[in-house]
Amino acid sequence: MDYRLNVTYITFGGHVEVQKYGYLYFVIMFTVYILIISSNVTIVGIIMIHKNLHEPMYIFIAALLINSVLFSTVIYPKLLIDFLSDEQIISYPACLFQWFLYYWLAASDFFFLSFMAYDRYVSICNPLKYTTIMQKTTVNIFLSSAWILPAGLFSVTIILSAKAEICPINLKGILCNSTVLTLQCVRSRILHIYGLFLFVTFLFLPLLFILFTYARILVVSYRCKGVRRRAAQTCLPHLLVLINFSCLTAYDVLLPRLELDSPKIVRFTMTVQLVIYHPLFNPIMYGLKMRRINGHLKNLF
């Protein structure tokens, strides 16, 4: 670590031959970043412009895609700079801030996926009560809670981590994700317990709720042939996005806690997949599989 102007700097030690392939990494990741921004913004714009998409499900999709843009903007500019730099360093306060934004947006994504599942559950299982339950006020409360609640709870972790003593070691990663925990000289028991609480609150419980709602939808779809096609068209994209995001997030969160000594190339590959797949997978799935959005995309192009 380098101490300059009383600021602690840490080094990203997870890059693989960045001095040799830095320009190649830069071109690939810059191209992906442009694709992520353009694809997500396009679908968000379509949802905003067309009034027949001003429904709760599409509003939640737009919020999820906005999160994808924000998530990518938190990660990619710093990655692109590091690929072209001689040293891959970051100040500890900036690292904590990136960690906060990273998990705040990831947690809110799980909330949005939960709200989408609930929206589909009400629409398919209780269609007569849909307009009564999914009112504008309810949607606004869902949107606000998805962003405000994770921000408040993850702020506690930032406050506790800022006081922890940092050992002079490199960060085993290419960005400030859960590997930040490995920087602490002594693992805080309070932080560990609180981290498990956050894991249960923002990953396990939403995942359990989503699986329950889709199981109920599956039962109703099996009984009523008329809703099978509708359920498949609207629920399949949500399920695919959920499976993709859950697997990548679980790996990202559990790896440092299990203290597995994975090869650097494995950690590097998995991290790159995490920052590429989810932000790029969302607009592809919702653009191709959601019939109304797909129709507007065809008209646009």
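Aspartate 119 counts as buried, at 0% relative accessibility. In this predicted model, the side chain of aspartate 119 meets that of arginine 120 in a salt bridge, 2.7 Å from N to O. Arginine 120 is also buried, with a relative accessible area of 5%. The protein around this pair is outlined below.

**Overall build**
- The protein has nine helices and three strands, and along the sequence they follow the pattern β-β-α-α-β-α-α-α-α-α-α-α.
- With a radius of gyration of 21 Å, close to the 19 Å that the globule rule gives for 301 residues, the protein is as compact as a globular protein of that length.
- The C-alpha trace spans about 65 × 45 × 30 Å along the principal axes.
- Among contacts between residues at least 6 apart in sequence, 82% join residues at least 24 apart.

**Surface and charge**
- Of the 301 residues, 50% count as buried.
- The protein exposes about 15300 Å², and carbon and sulfur atoms supply 68% of that area.
- There are 24 positive and 12 negative side chains, and the centres of the two sets lie 20 Å apart.

**Salt bridges**
- The count comes to three salt bridges, one of them the pair of aspartate 119 and arginine 120.
- Lysine 78 forms a salt bridge with aspartate 82, with the closest N and O atoms 3.0 Å apart.
- Both lysine 78 and aspartate 82 lie in helix 2, four residues apart, about one turn of the helix; aspartate 82 counts as buried at 1% relative accessibility.
- Arginine 292 forms a salt bridge with glutamate 55, the closest N and O atoms being 2.8 Å apart.
- Arginine 292 lies in helix 9 and glutamate 55 in the loop between helix 1 and helix 2, so this pair ties together parts that are 237 residues apart in sequence.
- Arginine 292 is partly exposed, at 34% relative accessible area, and glutamate 55 is partly exposed, at 30%.

Terms used:
Residues numbered from 1 in each chain as written. Predicted model: local features only at pLDDT ≥ 70, side-chain atom pairs only at ≥ 80, totals over all residues. Heavy atoms only, no water. Helix = DSSP H or I, 4+ residues; strand = E, 2+ residues; numbered from the N terminus. Rg over C-alpha atoms; globule rule 2.2 N^0.38 Å. Buried < 20%, exposed > 50% of the residue type's maximum accessible area, 1.4 Å probe, protein only. Contact = heavy atoms within 4.5 Å. Areas by Shrake-Rupley, 256 points an atom, 1.4 Å probe, with all protein chains shown as cover. Lys, Arg positive; Asp, Glu negative; His and termini not counted. Charge placed at Lys NZ, Arg CZ, Asp CG, Glu CD. Salt bridge = Lys/Arg side-chain N within 4 Å of Asp/Glu carboxyl O.
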